[in-house]
Amino acid sequence: GNEGASETVEQLQIVKDSFPEASWADIIVLAGQTALEGAGGNDMAFCPGRVDALDAGSESETLAPRSYEPAVVSIRDDMQVKGLTAREGVALAGRPTSASFSNQFFKDLKEGKGSFSDEELALLESEFNPIVDQYAADEEMFKKEFASAWVKMMNADRFDGPKMNLCDGVDVETKKKKENEGKTSAAVSSTPKFTMQKIFWLLLTGAGAVVAHL
């Protein structure tokens, strides 16, 4: 479902009011990206131009995550539906849960420190565990591959003909924007941290029916 979506949109309203020509879809993606970069993630290219689905209707029901038993089946299905490789899917599982972006999630997962969902624990299965090991040992590798996977997912379905993507070759980094765009990024950066967590949830679970093309 879309629990929390309305509250998230309300927190970003200040950005929409300042830049009414920007779509909600672009604002939400930019918010998540700005938060990641500000927390210590690698700079990422931003490709604008998404459009909003003002009334998604019953189509939003198809966006809900699917769950299977055992949990590792859910992991495989989720990656396949999103067009992600195993490495990309595991990298995105390490998205930050605090204001600091690091590979600590993988270290804690390996050592059994903290509470984890069944899907997160399924990353310790033999097909994913070697990737977890690599990310736990090499934060630079993790951040690089996370950034690549994030951009790929945010630009998915931005079709330009049967094989091309509208974002091919687009390299607009949020930290190197011209003056007005910089104000957008600055406004997004002031969004409360709890809102950023909801933004990540909306983007990575596919539950955000407020946008049409993510």
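Is Lys-82 buried, partly exposed or exposed, and at what relative accessibility? I looked it up: Lys-82 counts as partly exposed, at 22% relative accessibility (buried is under 20% relative accessible area, exposed over 50%, partly exposed in between, with a 1.4 Å probe and protein chains only).

Ground rules, for my own use. This is a predicted model, where local features need pLDDT of at least 70 and side-chain atom pairs count only at pLDDT 80 or more, while totals for chains, interfaces and linings use all residues. Residues are numbered from 1 along each chain as its sequence is written, and side-chain values use heavy atoms, with hydrogens and water left out.

Entry: salt bridges. I get 9 of them in the structure (a side-chain nitrogen of Lys or Arg within 4 Å of a carboxyl oxygen of Asp or Glu). Lys-82 forms one with Asp-78, closest N and O atoms 3.1 Å apart. Both sit in helix H4, 4 residues apart, about one turn of the helix (helices are DSSP runs of H or I, at least four residues, numbered from the N terminus). Asp-78 is partly exposed too, at 31%.

I then checked Arg-76, which meets Glu-127 in a salt bridge at 2.7 Å, N to O. That one links distant parts of the chain: Arg-76 is in H4 and Glu-127 in the loop between H7 and H8, 51 residues apart.

Glu-145 and Arg-87 form another, at 2.9 Å between the closest N and O atoms. Glu-145 lies in helix H9 and Arg-87 in helix H5, so this pair ties together parts 58 residues apart in sequence.

Entry: H4 itself. Just after H4, Gly-83 takes a positive phi of about 70 degrees.

Entry: the core. The largest nonpolar core has 34 residues, and Val-90, Phe-106, Leu-123 and Phe-146 have the most contacts inside it (a core is a set of buried Ala, Val, Leu, Ile, Met, Phe, Trp, Tyr and Cys residues joined through side-chain atoms within 4.5 Å). H9 gives the most to this core, with 7 residues.

Entry: a charge and a ring. I found the charged end of Lys-143 over the ring of Phe-101, 5.9 Å from its centre (the rule: NZ of Lys or CZ of Arg within 6 Å of the ring centre and within 35 degrees of the ring normal).

Key. Helix = DSSP H or I, 4+ residues; strand = E, 2+ residues; numbered from the N terminus.
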